[in-house]
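This report describes a protein chain and its ligand surroundings. Please consult the sequence and the structure shown below while reading.

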Amino acid sequence: MSKPDERHILALSGGKDSAALAVYMKQTRPELPMEYVFTDSGCELPETYEYLERIKAVLGIEIVQLKSKRGFRHYLKLKRGYLPTPLNRWCTEYLKLIPYRRWLDENCGGTIMHSYVGIRADEDREGFKSREGIVQHHPFVDDGIVLDDVKDILEDAGMGLPAYYSWRSRSGCFFCFYQTKREWLGLLEHHPDLYAEAEAMELASEAGSVFTWCDDISLAELRERRHDVQCPISQAETSHERPRLGEILSNHFARDKYTRILR
Ligand code: SF4
């Protein structure tokens with residue numbers, strides 16, 4: 001049972017695991033007065049907002065939406081056009097962590113905060129570092145919940161997966177640098193305006209250097225070569241069309257580069 005000076009927070013990411021955890025908490029710990037928070041980077045996919053609405057409707061909950069006071073473009077300018085990378089994730093700090101920490105400071109001072117994180121039992125990752133006064137919980141890890149269970153939880157709840165899962169494997173900003181080339185091409189197909197916006201950011205550097213979201217190809221180049229990148233994948237993997245792949249390899253890319261492009 002919860003005490004008056006304790007709060008129970010579930011931070012939704014807009015992805016499947018945290019959504020499934022919201023369902024799971026209702027099913028398995030209904031006595032807890034859960035609160036739901038979503039930190040909006042301001043650069044989310046439209047499908048993410050649709051999914052949050054679906055979560056609210058299915059579970060009958062409210063979701064507190066947090067947002068950085070200044071948007072991505074402000075920080076990109078401060079960084080002189082230096083795009084974030086896996087080694088320099090300034091985007092996460094400014095757009096996600098700082099607004100969340102600020103909200104915690106303003107709302108949860110003097111209370112013990114229980115934070116529920118949707119890391120699954122079949123994942124090898126840790127959550128963000130905990131702070132004093134915050135108790136982290138990993139119900140999926142504790143209960144042995146794996147990916148198939150998460151899908152079942154969402155299916156049974158009538159929630160399903162976020163629509164972007166048909167072409168992208170993770171939630172987050174439309175320009176997230178963790179995307180594979182295929183996912184970038186999924187963005188081009190489903191949201192050509194957002195692809196163009198990300199493409200324009202590659203040209204925005206004031207530091208005299210060209211920064212690209214992918215480490216080996218610009219989005220303009222990827223757009224140009226989209227048919228070469230997409231078509232041979234299925235043909236090469238499923239049919240006897242390998243000579244065509246070899247032809248394209250020699251026409252367009254060095255073999256090692258092409259291999260990287262198919263990630
Ligand atoms: S989703 Fe990707 S781009 Fe957005 S804040 Fe997170 S790491 Fe950065």
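**Overall composition**

The model is predicted. The protein contains 12 helices and five strands. Of its 263 residues, 27% are buried. Among the contacts with a separation of 6 or more, 66% involve residues 24 or more positions apart.

In soluble globular proteins, nonpolar side chains tend to be buried together. The largest nonpolar core here comprises 23 residues, and those with the most contacts inside it are Leu10, Leu12, Ala19, Ala20, Leu21, Ala22 and Ile55. Two or more residues of this core come from each of β1, α1, β2, α2 and α6 (147-156). The greatest contribution is that of α1, with six residues. Another core, of 20 residues, lies apart from it and includes Tyr94, Leu95, Phe175 and Leu219.

Which residues does leucine 12 touch, not counting residues up to four places away in sequence? They are Ser18, Ala19, Ala22, Tyr36, Val37, Phe38, Leu52, Ile55 and Ile63.

**Helix α2**

Helix α2 spans residues 46-59 and has 14 residues. From its first C-alpha to its last it reaches 20 Å, close to the 20 Å expected at 1.5 Å a residue. Its buried residues are Glu47, Thr48, Tyr51, Leu52 and Ile55. These residues lie on the same side of α2, because they cover an arc of only 140 degrees around the axis. An α-helix has 3.6 residues a turn, so residues three or four places apart point the same way. The face of α2 turned away from the buried side carries the exposed residues Glu53 and Ala57.

Against which elements do the buried residues of α2 pack? Their partners are β1 (6-12), α1 (16-28), β2 (34-40) and β3 (63-67). After α2 comes glycine 60, with a positive phi near 65 degrees.

**Two residues compared with the burial criterion**

Valine 150 is placed in helix α6, whereas arginine 170 lies in the loop between α6 and α7 (181-190). Are these two residues buried or exposed? Valine 150 counts as buried because it has 24 C-beta neighbours inside 10 Å, and the threshold for burial is 20 or more. Arginine 170 is partly exposed, because 16 other C-beta atoms lie within 10 Å, a count between the limits of 12 and 20.

With neighbours up to four places away in sequence left aside, valine 150 touches Lys16, Asp17, Ala20, Arg120 and Ile145.

| Residue pair | Separation along the chain | C-alpha distance |
|---|---|---|
| Valine 150 and tyrosine 24 | 126 residues | 9.0 Å |
| Arginine 170 and glutamate 183 | 13 residues | 9.7 Å |

**Ligand surroundings**

Which residues are found around the ligand? The shell consists of Ser41, Pro84, Arg89, Cys91, Thr92, Leu95, Lys96, Gly172, Cys173, Cys176 and Tyr178. By class, the shell divides into six nonpolar, three polar and two charged residues.

Definitions and conventions. Residues are numbered from 1 along each chain as its sequence is written. This is a predicted model: local features need pLDDT of at least 70, side-chain atom pairs count only at pLDDT 80 or more; totals for chains, interfaces and linings use all residues. A residue is near a molecule or strand if its C-beta atom, placed from the backbone, lies within 6 Å of it. Ala, Val, Leu, Ile, Met, Phe, Trp, Tyr, Cys and Pro count as nonpolar, Asp, Glu, Lys and Arg as charged, and the others, Gly among them, as polar. Helices (H or I, at least four residues) and strands (E, at least two) are DSSP runs, numbered from the N terminus. The expected span of a helix is 1.5 Å times one less than its number of residues. The arc is that of the directions from the helix axis to the C-beta atoms. Two residues are in contact if their C-beta atoms, placed from the backbone, lie within 7 Å. A nonpolar core is a set of buried Ala, Val, Leu, Ile, Met, Phe, Trp, Tyr and Cys residues joined through C-beta atoms within 7 Å.
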